[in-house]
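Open the model in your viewer and keep the sequence beside it. We will go from stop to stop, selecting a few residues each time.

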Amino acid sequence: MKAIIGSSIGRKIVSALLAIYLLTYGLTAAVVYTGVRRSLLDTAADNLAQVADLKYQRLCNRMDELATDLTAWAQLEVMNDLVSGDVDRRIGTTLEALQRLYGLSGGIYAFDAAGALIADADGVEGTPPPGTRLPAGWSVTARGATFLDKHRNPLGAGNIVALAIPVFGTFAPDYRVGTLVIALPWNAIETLLNGVESRTTLVRLAPRPAVLSTAAEPTGDAGNRIVGRSLPRDGLLRSWQVVVSQPASTVTRSLRQVALELALLGLLLAAPIVAFVRWTGRRLTAPIMDLTQAVRAIAETDRLDIQVPVTSRDELGFLARSFNQMTAGLRNAREERDRSMRDLEHLNLTLEGKVADRTAELEAAITAQRRLISDISHEIKSPLARLSMALGLARRQVEPQAPRHFDRMEQEITAIAALASELLTLARLEGAAGALQRAPVDLPGLLRTIIADAAYERPDRQGDMTLTVAPGLPQDGVFPGNADLLRRAIENVIRNALFYTTAGVPVAVTLDAMPAGLRLAVADKGPGVPADAIAQLFDPFYRADPARARDTGGTGIGLTICKRVVEVHGGTVTAAHNVPHGLVVEMTLPILPETPQDRHAATPQD
């Protein structure tokens, strides 16, 4: 198909419009064909329903005639002889005369009140044997004629339908003297039903549905037939229905001519459409071909002074003018690029020297920063040692109630000394000067201790802090790491959350599991930080709010220490907004198997 259509735009336009035409016309023709076929089938079904109604009416008329005749015969004067047993055979002679007169193919039977057969006119069926009794199925109680549906003849052979009526004496209208029955052979019903039609079916409806008679159907088209059914009506045959059918092919045979005419019409309409589309496609693609040739020439010769002729003022003409403007702009851009390249080559000669100078300056700044951190740590230790000595002397000179406060002061001094030591440790870790010593750390217990210490420092915030430890933590929350460093990192985050929020603002600490590790989150609902400050919170000496940091005594390295501690433990730390307001800091700590090197590694020295 692709080879037939080709790569030409004109051919593609012709092919697309032709496909649209074929699809549209095909759908229209299919709708017309389907509509005509449905109309023919509906008309044929209506005609068959009328035929079924006529046949059904014929049966009903015949049964009504027999019921009328039977009612009239039951009222004859001769029927009074049923009381005396018809000794002179008057009833039998009368029944035979009625059979001949009305041309009945079945039998007529007269029974007395006790159910004994008195007389009959059995026709082709012969005479019933002596002593025949009234069959139970023929016993009726209604005063009028009763229709007895298809059944085996109890007094002969074959299937029959029957009409039975009780006989009352003319001398006493309420005195029943016997029963009169007309038995009609079933083949007479089928002859009356079928006539010249050979595909008629007689069925019995509910409550005892059954097929009473059906004509032989041709094989192979049972599932593709048109069916007409008679309408139900009151009467003796209200439980019967006539169904007439015929093959659908007899009706749809004429549709072949309609389909052929639709196909010829489609071909005749396609010829002018194809011609018009080809002409329109050539008119549309001519400017495009000029543009294509110009582009090919530019690609082969790298010349940007080639122009496309403008032959119209429509969209294609606008495209040609735009192309010419584009080539002019590209020509100018090429000249400007050449000048820029020469300038860049000149600048590149000095760029490498400048980069080398800046690199040396940066390395010197990094070295100075590390030296500064180391010096700060050493400078902090000396006054802390002197303060500790002074507190020891003061303890012996104060009243007895003060020692617990001095104990707490000494504990804080020890913590500050540990902080100074950790600063030096982190400085050396950052410079790859030592290895981290790991030991089992009970993180849930460590968190409880840190929160208790924070509550001691800030008793007004004791009720604001909550700790949630998820059940089923890996290794029950025991993490292989450095307890002192982890304590300092977590304390920095929790203290920041308390310092930058007011009393009554909740601070939630959560410890739960993650794949192959633990996740620790500290979330508050305070004012939070600006969006542009999130990415810089972990930078050294960065303060989102410098004024508040000075009030709280912060140095701007708390979150930096936290980040370094988590990273040397193989984890990550991030900060994000706590919707709708506040800040959440999340630390992930992977649980790594403890190795002999971890157990025997030396702690980095000051």
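## The whole chain

Among contacts in the protein chain between residues at least 6 apart in sequence, 63% join residues at least 24 apart. Keep in mind that you are looking at a predicted model. Show the cartoon first: the protein chain has 13 helices and 16 strands. Its length is 606 residues, and 37% of them count as buried.

## Stop 1

Select residues 186–194, which form helix α4. Which residues of α4 are buried? They are Trp186, Ile189, Leu193 and Asn194. Now look down the axis of α4: the buried residues fall within an arc of 115°, so they line one face of the helix.

## Stop 2: a cis bond between two strands

Move along to Ala206 and Pro207. The peptide bond joining them is cis, with omega at about 15°. Pro207 sits in the loop between β6 (200–204) and β7 (210–214).

## Stop 3: a five-stranded sheet

Now bring up the open sheet whose five strands have the order β11-β13-β14-β16-β15, with mixed pairing. Which strands are at the edges? Select β11 (465–469) and β15 (572–577), each of which pairs on one side only. On average, neighbouring strands in this sheet are turned by 15° against each other, direction ignored.

Zoom in on β14 (residues 517–524) and β16 (residues 583–590). These two run antiparallel and are joined by eight bridges. In general, strands of a sheet pair through backbone hydrogen bonds, either parallel or antiparallel.

## Stop 4

Begin with the one between β15 and β16, where you will find Pro580. A cis peptide bond joins Val579 to Pro580, and its omega is about 5°.

Then go to Ala516, in the loop between β13 and β14. Its phi is near 60°, a positive value in a residue other than glycine. Is Ala516 buried or exposed? Ala516 is exposed, with a relative accessible area of 63%.

Finish with Asp476, in the loop between β11 and β12 (478–481). Asp476 is not a glycine either, yet its phi is positive, at about 55°. Asp476 is exposed too, with a relative accessible area of 65%.

## Stop 5

Select helix α10 (residues 483–499). This helix lies across β11, β13 (507–514), β14 and β16, and runs at about 25° to β14.

The axes of α9 and α10 come within 10 Å and cross at roughly 45°. Angles between 35 and 65 degrees count as oblique, and α9 and α10 are therefore oblique to each other. Their crossing is right-handed.

To see the contact itself, show side chains on both helices. From α9, the residues taking part include Leu443, Leu447, Ile450 and Ala454. From α10, they include Ala483, Leu486, Ile490 and Ile494.

Key. Residues are numbered from 1 along each chain as its sequence is written. This is a predicted model: local features need pLDDT of at least 70, side-chain atom pairs count only at pLDDT 80 or more; totals for chains, interfaces and linings use all residues. Side-chain values use heavy atoms; hydrogens and water are left out. Buried means under 20% relative accessible area, exposed over 50%, partly exposed in between (1.4 Å probe, protein chains only). Helices (H or I, at least four residues) and strands (E, at least two) are DSSP runs, numbered from the N terminus. The arc is that of the directions from the helix axis to the C-beta atoms. Two strands pair if DSSP finds at least two bridges between them. Axes are lines fitted to C-alpha atoms, for helices over the stretch in contact, and angles run from 0 to 180 degrees between N-to-C directions. Contact means heavy atoms within 4.5 Å. Angles under 35 degrees count as roughly parallel, over 145 as roughly antiparallel, 65 to 115 as roughly perpendicular and the rest as oblique. A crossing is left-handed if the near helix is turned anticlockwise from the far one by less than a right angle, and right-handed if clockwise.
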